[in-house]
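Good morning, and thank you for joining this group meeting.

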Amino acid sequence: MTSTTDVRSHAEPSRPAPSRRAGWTALRPLVLRLHFYAGILIAPFLLVAACTGLLYAASFQIEQVVYRHELTAPAGGTHIPLTEQVAAAREAHPEGKVAALRPAPEPGQTTRVLLDVPGLPESTQLAVFVDPSTGQVRGTLESYGSSGALPVRAWISSLHRTLHLGEPGRIYSELAASWLWVVGVGGLVLWLARRRRTGRRLRDLVTPDRTVKGPRRLLSWHGSVGVWAVLGLLFLSATGLTWSKYAGENVEELRAALGWATPAISVSAGDHASHAAPTGHHHAAASDVGVDRVAQAGAGKGLSGPLEIVWPGGPGEPYLVKEIDKTAPTRLDQVAVDPASGAVTAELRFADYPPAAKLARWGIDGHMGLLFGLANQILLAALAVGVITLIVLGYRMWWRRCPSRGFGRPYPRGGWRQVRWGVLAPLAVLVVAAGYFLPLMGVSLAAFLVLDGLLGLRSRTAG
């Protein structure tokens, strides 16, 4: 006679624990779930960043059209001295103190005199546009940051970076930049693995399959667009993080520790203290040689336009003459000029920058659309359109995963249990390190894991 225990043992065999596997077979469910949830939850932030980035890519042309009167002037045969152009700006706005001067770089363009005026926001100066041939002031606008963005471009830039929400708004852009590379790399790995599994040709990876229908067609387009965009997404993520609040501080500390920081021109105020009368803040002393001599001193060292001449910041400090051409080939040399004698007292050549500092400079300028001019802006616009396309296709695939056309079910949890400890342990260390270096990604990932764990516990309890 068979015992009750024997019957139960045959009727309800115990389920063996899932065996841990190595290689892609074990990792695929984990990557698939991470890519799915990162795409679903972070995509709204990426969508906003892509839309505002698309607008920013066109902001340079918008600026040229909107402020054409201020930025241009009738091309004249000769230019009046820079000193007279500065005097015209100061006469129009005596409340300001001269901070810098950007001589007209080409015929038909105006000279920009930058004034420090009380009451302007941080990093903002008053730009007075002067006709270099006549000294006529053609207009006045606020100028933001080292790029000299005028109000319309500054507004678009702030929309892209902070949604005009200030410091809290920076969280959105940092969160998007922190997760962008994770979504991009995860998607690329899944797409390449699909090629191995299905035996697709390399050509089929970069071009959508038009012979399939339904969800497979959506996936084909999503994967192909992603392959074309992934390098650009990694670039935008890496360079975007340099402006971020939390990860940006870690980037700066890492660059400083490795000696990759951008060098500054070596100037000691004491080197010039012995020269005649001291200069008041932003004002030239009686013995000042004048801005025209300063510009000539810079030209004598090979500096050419577009230039920015920065006024002495205090007693005994020099003028700085800086090249500000950020298009390739980059021209960013600068020299310090003694205001009393007009002699060059220090030089800093872009060619002498550490390689990492050069790459950082090129990366930031590429992100801003400056490095390759119009071609750079077109590429950024194409990347923004690519991100928008990927997000729309991703949400569409999510929607179609449910037969009732409702929101699609997530991929099953628990994939990490199938990964061998020899693979899982270093992977966990890598994730923790990335989360520490990119705090917003780490916090959001931890929140997701806690929430996912609680939902799993509730489902098991309910079952």
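I shall speak about a helix packing, a hairpin, the aromatic pairs and some backbone exceptions.

First, the conventions. This is a predicted model, in which local features need pLDDT of at least 70 and side-chain atom pairs count only at pLDDT 80 or more, while totals for chains, interfaces and linings use all residues. Residues are numbered from 1 along each chain as its sequence is written, and side-chain values use heavy atoms, with hydrogens and water left out.

Let me begin with the helices. Helices (H or I, at least four residues) and strands (E, at least two) are DSSP runs, numbered from the N terminus. Two packed helices are described by the angle between their axes and the distance between the axes. Helix 9, residues 214–240, packs against helix 13, residues 374–400, at an angle of about 145°, and their axes are 8 Å apart. The axes are lines fitted to C-alpha atoms, for helices over the stretch in contact, and angles run from 0 to 180 degrees between N-to-C directions. The crossing of helix 9 and helix 13 is left-handed, that is, the near helix is turned anticlockwise from the far one by less than a right angle.

Contact here means heavy atoms within 4.5 Å. On the side of helix 9, the residues that meet helix 13 include Trp-221, His-222 and Leu-236; on the side of helix 13, they include Leu-380, Thr-389 and Arg-400. The residues of this contact comprise 14 nonpolar, seven polar and two charged. In this count, Ala, Val, Leu, Ile, Met, Phe, Trp, Tyr, Cys and Pro are nonpolar, Asp, Glu, Lys and Arg are charged, and the others, Gly among them, are polar.

I turn to the hairpin. Strand 7 (residues 334–337) and strand 8 (residues 344–348) run antiparallel and are joined by four bridges; two strands pair if DSSP finds at least two bridges between them. Ala-336 is placed opposite Ala-346 of strand 8. Six residues lie between the strands, and Gly-342 in this hairpin has a positive phi near 80°.

Leaving aside residues up to four places away in sequence, Gln-334 touches Lys-322, Glu-347 and Tyr-353, among others.

Next, the aromatic rings. The whole structure holds seven aromatic pairs. Rings of Phe, Tyr and Trp (its six-membered ring) pair if their centres lie within 6.5 Å; planes under 30 degrees apart are stacked, over 60 edge-to-face, and the rest tilted. Phe-350 and Tyr-353 form a tilted pair, 4.8 Å centre to centre with 50° between the planes. Phe-350 is buried at 6% relative accessibility, and Tyr-353 is buried at 9%. Tyr-395 and Trp-398 are also tilted, because their centres are 5.9 Å apart and their planes lie at 45°.

Finally, the backbone. Most residues other than glycine have a negative phi, and most peptide bonds are trans. A cis peptide bond, with omega about 0°, joins Gly-305 and Pro-306, and another, with omega about -5°, joins Ala-328 and Pro-329. Ser-123, which is not a glycine, has a positive phi of about 65°.

Conventions
Buried means under 20% relative accessible area, exposed over 50%, partly exposed in between (1.4 Å probe, protein chains only).
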